[in-house]
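Please walk me through this model in the viewer. Tell me what to select at each stop and what is there.

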Amino acid sequence: MAFESDLVAVLAPLGGSVYPAGAVPAPLPTTKYTVYAQIGGPAINYADDLQPNLIQAHMQITVWSKQRAEAFAAMRAIEPAMRAAQAFTSRPLGAPESDYDADTKLHGARQDYLCTHAR
């Protein structure tokens with residue numbers, strides 16, 4: 001769980017409250033908030049079958065806000081912070097994508113990262 005707390009420490013100053021996927025409280029936060037989810041990642045396998053000391057996590061980060069511009073501004077600030085993280089390495093896997101939830105009327109900005117961290 002150290003990786004998740006390190007990730008939250010990077011995200012919290014930039015994207016409002018931070019929640020793992022599936023744990024956003026009801027009612028929804030009234031200001032911008034960030035959701036993260038690990039959606040897989042490439043396995044690290046050593047030729048000698050030793051247990052690797054690193055894990056690679058494909059992380060999806062989404063900022064939600066009432067304003068699209070606010071969601072994208074937060075995401076633009078998150079990318080350099082993720083690249084500069086000291087507790088893990090991170091690189092974006094693509095450019096941010098937009099999202100919209102018609103039920104909540106919230107705008108989202110989503111970006112995927114490959115993060116490498118200690119086991």
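Is F3 buried or exposed? Select F3: this residue counts as buried, because its relative accessibility is 9%, under the 20% cut-off. Keep in mind that this is a predicted model.

A search of the whole structure finds two aromatic pairs. Here is one of them: the ring centres of F3 and F88 lie 5.1 Å apart and the planes meet at 85°, so the pair is edge-to-face. Now colour by secondary structure. F3 sits in helix α1, while F88 is in the loop between α2 and β4 (89-92), so the pair ties together parts 85 residues apart in sequence.

Move to Y19 and Y33. They form an edge-to-face aromatic pair, with 6.1 Å from centre to centre and 70° between the planes. Y19 belongs to strand β1 (residues 17-20) and Y33 to strand β2 (residues 33-38), 14 residues apart. Y19 is buried at 17% relative accessible area. Y33 is buried at 5%.

Now show the largest nonpolar core, which has 21 residues. Select L7, L11, I61, I78, M82 and F88, the residues with the most contacts inside this core. At least two core residues come from each of α1 (2-15), β3 (54-65), α2 (68-84) and β6 (106-118). Helix α2 gives the most, with six residues.

Centre on I61. Among the residues that I61 touches are L7, L11, M75, I78, M82 and Y113.

Terms used. Residues are numbered from 1 along each chain as its sequence is written. This is a predicted model: local features need pLDDT of at least 70, side-chain atom pairs count only at pLDDT 80 or more; totals for chains, interfaces and linings use all residues. Side-chain values use heavy atoms; hydrogens and water are left out. A nonpolar core is a set of buried Ala, Val, Leu, Ile, Met, Phe, Trp, Tyr and Cys residues joined through side-chain atoms within 4.5 Å. Buried means under 20% relative accessible area, exposed over 50%, partly exposed in between (1.4 Å probe, protein chains only). Helices (H or I, at least four residues) and strands (E, at least two) are DSSP runs, numbered from the N terminus. Contact means heavy atoms within 4.5 Å. Rings of Phe, Tyr and Trp (its six-membered ring) pair if their centres lie within 6.5 Å; planes under 30 degrees apart count as stacked, over 60 as edge-to-face and the rest as tilted. Lists of a residue's contacts leave out its neighbours within four places in sequence.
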